[in-house]
Amino acid sequence: MRDSRFDVWAPFASRMRVEIDDATFEMRRGDGDWWRPVDLPELPGEVDYGYLIDDETTPTPDPRSRRQPAGVHGRSRTFDPGWYEWGDGDWRGRQLAGGVIYELHVGTFTPDGTLDAAIDRLDHLVELGVDFVEPMPVNAFNGDLGWGYDGVYWYAVHEPYGGPAAYQRFVDACHERGLGVIQDVVYNHLGPAGNYLGKFGPYVSSRHQTDWGDAINVDDFDSDEVRRYLIDNALMWVTDFHVDGLRLDAVHALIDTRATHILEEIANEVEARSAFLGRPLTLIAESDMNAPRLISPRAAGGYALSGQWSDDFHHAAHVALTREDDGYYEDFAQTAGHGLGALEKVLTHGFFHDGAMSTFRRRHHGRPLGAGTYAWRLVVSTQNHDQIGNRARGDRLSEKLTAEQLAVGATLMMCSPFTPMLFMGEEWGALTPFQYFSSHPEPELAEAVTKGRREEFSRMGWGETEVPDPQDFDTFRASRLDWMELDRPERQWLLDVYKRLIELRRTRPELTWPWLRDVSAKAQPELGVLSFWRGDLEVVCNFAAEPREVELDVDVAWTSHDDLPEVVFTTNDEVRVEGTRATLPAHCAAVFAPIAD
């Protein structure tokens with residue numbers, strides 16, 4: 001039987017050879033410009049190999065490489081996903097609706113920075129109560145350290161993390177504990193080093209550009225195989241690695257002018273694979289377009305993705321908590337109550353920019369969500385890798401906010417109608433930053449990355465020495481979580497707040513009702529207070545530094561004036577209720593429910 005592990009699509013080549021261990025074999029061009037080895041003997045299960053294109057003497061890695069043990073410039077290594085004996089035969093998956101996501105970076109989640117080390121911390125996530133673990137990209141990228149968004153081998157798992165076998169163990173361990181896995185993947189661009197795909201065929205576009213360079217060719221000449229490259233990668237994660245969903249990075253940079261958008265095509269095939277596997281599979285888009293078509297059903301002309309990130313919630317919450325008003329926070333700060341008015345709109349409409357003017361963009365932006373859109377399709381956060389790491393110093397909210405203020409933000413997010421997502425360490429108010437770091441071994445590239453990062457922030461008034469050098473190992477080291485922080489009482493207190501909030505979502509069905517039409521909100525800018533209603537529950541957030549007395553709106557929240565409000569959750573036990581008036585201490589949030597006659 002022919003060994004198909006070495007078949008490769010290479011329309012640009014006039015001659016192809018494959019070098020396997022110490023032997024070299026000629027290849028023959030077949031249908032669709034797929035090349036296959038000639039006279040290949042029986043081979044062991046694991047070999048190192050690379051391709052000699054035309055008359056080259058140095059082998060090039062496989063575009064679909066499953067392992068890069070010597071880094072992105074080295075030879076590929078075969079990997080059979082069937083070698084692993086899975087223990088998750090009873091796993092039936094998790095749906096996104098009603099779930100809580102936990103985003104982490106494998107390299108900084110633990111001191112060892114490996115997938116196996118991450119397994120040792122999964123019980124912490126189980127006790128916290130989250131439903132999904134979302135690792136930042138684990139595909140093979142240049143150097144040992146990095147965020148993973150400059151990957152060049154999408155089918156390979158980064159070797160310093162443990163490689164593909166370790167990833168299988170990680171997913172299996174998550175499933176054993178009842179945790180789903182949503183893997184962050186990047187289909188919109190390739191990294192600057194180790195990207196040899198252009199030697200094989202037209203993987204990048206000659207028509208479109210992204211902020212990171214050439215776009216992926218999904219709509220130009222010979223793009224059918226490139227689209228298949230993306231689709232097969234998505235199917236690999238859910239099939240060979242048993243993941244429960246994918247987070248699709250920056251889909252606004254995935255430029256496609258064809259009649260069927262590549263996102264819709266991916267969604268179609270993942271849905272078909274879901275039916276075959278017998279478990280739900282989730283696709284979440286990162287997008288700043290505020291475009292409902294991403295999550296709209298196909299019958300309405302949409303791409304039918306499961307969900308999308310909502311930056312509007314983050315920006316409104318960030319402004320309300322910190323009072324920052326520069327850059328893209330400007331629009332949210334201009335509304336009533338320095339962000340409270342923006343929160344009122346976001347909680348009831350999903351998007352803040354729904355066709356409204358965006359001062360930061362200097363144009364109108366977005367469009368309204370459809371009336372029947374489920375709110376859980378919007379994934380929201382008060383912190384994530386982008387909103388922390390893309391700051392000059394990678395500082396978290398915990399650097400400038402008290403634990404009490406962080407608890408107000410947590411209540412806002414957990415009681416919102418959307419799908420909440422935490423960033424690693426947020427649950428205890430981690431004090432370590434999450435800075436942008438890389439480890440490109442090429443001196444010129446390393447210098448360019450450092451220079452580019454510092455020039456970017458110099459335009460915002462930051463001095464050169466104020467911006468950490470991405471290439472300095474200390475920048476990476478500073479970004480590793482310090483689990484010893486959990487020994488501090490105030491960190492344990494905040495962790496308990498998050499646990500209680502997640503448990504509240506489990507016990508009060510109002511908090512997972514999917515319809516925005518059932519959400520109402522009222523900002524009181526003069527008090528620094530925001531109230532919103534989820535069915536019979538009234539959530540009150542006091543952002544002010546002074547105690548506030550609030551009239552609980554029984555006409556909206558409860559059907560009978562004879563009902564009296566009960567505190568079912570609070571971040572401060574000193575909340576007082578007299579009749580229908582409640583007094584909240586400074587920087588406090590509480591959830592009220594009626595007491596039946």
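Close-up 1. W154 is buried, with a relative accessible area of 3%; buried here means under 20% relative accessible area, with exposed over 50% and partly exposed in between (1.4 Å probe, protein chains only). Y229 is buried too, at 2%. This is a predicted model, in which local features need pLDDT of at least 70 and side-chain atom pairs count only at pLDDT 80 or more, while totals for chains, interfaces and linings use all residues. Residues are numbered from 1 along each chain as its sequence is written, and side-chain values use heavy atoms, with hydrogens and water left out. The rings of W154 and Y229 form a tilted aromatic pair, 5.7 Å centre to centre with 40 degrees between the planes. Rings of Phe, Tyr and Trp (its six-membered ring) pair if their centres lie within 6.5 Å; planes under 30 degrees apart are stacked, over 60 edge-to-face, and the rest tilted. Because W154 sits in strand 10 (residues 151-157) and Y229 in helix 6 (residues 224-239), the pair ties together parts 75 residues apart in sequence. Helices (H or I, at least four residues) and strands (E, at least two) are DSSP runs, numbered from the N terminus.

**Close-up 2. Y51 meets F200.** How many aromatic pairs does the rule give? The count is 31 aromatic pairs. In one of them, the ring centres of Y51 and F200 are 6.0 Å apart and the planes stand at 85 degrees, so this pair is edge-to-face. Y51 belongs to strand 5 (residues 48-53) and F200 to helix 5 (residues 197-200), so the pair links distant parts of the chain, 149 residues apart. Y51 is buried at 0% relative accessible area, and F200 is buried at 1%.

**Close-up 3. A cluster of rings.** Look here for W147, Y149, F423, F434, Y436, F437, F473 and F476, which ring pairs link into a cluster.

**Close-up 4. Charges over rings.** R121 lies over the face of W483, 4.1 Å from the ring centre. K345 lies over the face of F352, at 5.3 Å from the ring centre. A charge sits over a ring if NZ of Lys or CZ of Arg is within 6 Å of the ring centre and within 35 degrees of the ring normal.

Close-up 5. Six strands line up in the order 1-4-3-2-5-6, with antiparallel pairing; two strands pair if DSSP finds at least two bridges between them. Strand 1 (8-9) and strand 6 (76-77) are the edge strands, each pairing on one side only. Strand 2 (residues 16-20) and strand 5 pair over five bridges, and I20 has Y49 of strand 5 as its bridge partner.
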